[in-house]
Amino acid sequence: MQAKVLLCQNSAFIANRLPRAARALKQAGYDVEILNWDRGINSEVIQMAIQQFAKEGIKVHTIYCGVTPYGKGILTAFQKLKFAIKVIKFLLKNGNNYNIVHAIDFDLGFPVFLAKKIKRNLSFKFIYDIADFVETFHSPIPKIVRNQITRVSQLIMKFCDLIIIPDENRFINIPNELHPKTFVINNTIDPPKEIKEYPIQKSEEKINILYYGALSKDRGIDLLLQLTSLDNVCIWIAGKGELQEEITLYAEKLDNVYFLGYLEFPQVLSVVQQIDLIYMVYDPAYQHNQIASPNKLFEALYSGKPCIVANGTSIDKLVEKENIGYVVEYNETDLKNTVMKLNKKDLMKKGLNAKALYPQYSWEKTKKNLIELYQNLHNGD
């Protein structure tokens with residue numbers, strides 16, 4: 001009998017982690033469904049994803065709890081509670097239709113955990129996929145709430161059948177006794193069948209530096225914008241978030257700053273392939289940045305592009321060891337000094353190193369590990 005799987009995530013189609021897993025499992029012969037939290041943002045992206053997955057034979061269940069912005073912490077607690085209750089109700093009604101429920105992050109891990117506690121005869125195996133430890137995020141979450149989330153998350157880890165993390169550096173947040181049931185499925189890229197061309201008017205003389213993703217205060221965007229005073233750089237930024245208005249003002253005033261807004265993933269890849277350097281200088285003062293595992297790193301490897309990262313963010317070790325980019329201290333002086341010395345020849349050399357390293361982290365290799373985990377879990381019934 002074909003095993004049935006439910007993959008669950010908050011805003012499942014904004015990142016690549018759930019979509020690539022869903023498609024891999026479908027191709028491996030699983031009957032796959034998705035549970036998504038529609039936060040009332042990026043509705044066009046959600047509708048396009050639902051339609052596309054329907055064509056691929058993957059049903060999407062969507063839960064809506066009103067408009068729920070990102071990064072507001074305790075301010076959106078009511079919507080998060082409402083969402084958790086709706087997930088629990090969904091599982092109490094439909095949970096025994098699934099052999100495996102794969103919950104990504106605490107937002108989904110918590111209600112799945114509660115559903116199984118409330119209804120003891122829910123027989124599905126429970127995968128807790130901790131893509132990010134939300135209690136370490138840059139957001140207005142009180143310390144007492146963060147500590148509670150950590151405690152509850154550890155209860156979920158002990159209760160679930162399998163734990164997945166995106167990088168070995170995350171083992172630091174997993175209790176030692178749970179390491180044997182914890183496995184790494186990295187954030188590598190599942191290359192799209194076709195890249196949507198998104199041409200930019202890049203400068204051939206200057207160094208074109210790209211940041212894309214969440215436009216939040218912990219991502220070093222303030223430092224990046226200080227580079228606008230240099231004559232040898234053009235700054236390209238894409239994404240959505242709290243700094244969007246500030247970035248727009250910079251782009252309107254300066255001729256070496258370009259704001260592209262939110263781009264779909266295939267468009268992002270098109271831009272990545274046109275620029276010279278990918279910016280990942282995250283602030284190491286934040287705990288979650290100290291164990292960073294950004295998708296951008298793997299997209300840089302895939303595209304053969306060098307990156308620039310901050311010392312003390314975990315990825316700095318790989319960047320330095322494999323000579324695939326530049327490591328800087330998280331301050332304006334060191335960043336500027338490094339960027340002023342960049343040249344196209346050295347950038348190309350580091351880009352070639354990145355391209356050569358990609359096969360070690362390819363999705364084809366990672367996908368086999370994911371399928372094997374599922375087979376072992378399901379066959380263990």
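1. Contact here means heavy atoms within 4.5 Å, while helices (H or I, at least four residues) and strands (E, at least two) are DSSP runs, numbered from the N terminus.

2. This is a predicted model, in which local features need pLDDT of at least 70 and side-chain atom pairs count only at pLDDT 80 or more, whereas totals for chains, interfaces and linings use all residues. Residues are numbered from 1 along each chain as its sequence is written, and side-chain values use heavy atoms, with hydrogens and water left out.

3. Helix 3 covers residues 77-94, and among its buried residues are Phe83, Val87, Phe90 and Leu91.

4. The seven strands form an open sheet with parallel pairing, in the order 3-2-1-4-5-6-7, where two strands pair if DSSP finds at least two bridges between them. Strand 3 and strand 7 stand at the edges with a single partner strand each, so one side of each is left without a neighbour in the sheet.

5. Strand 4 and strand 5 (residues 125-129) pair in the parallel sense over five bridges, and Lys125 in strand 5 is the bridge partner of Ile100.

6. Pro166 lies in the loop between strand 6 (162-165) and strand 7 (182-184), and it is buried, with a relative accessible area of 1%. Among the residues that Pro166 touches, not counting those up to four places away in sequence, are Arg17, Ile130, Val184 and Ser293.

Methods
Buried < 20%, exposed > 50% of the residue type's maximum accessible area, 1.4 Å probe, protein only.
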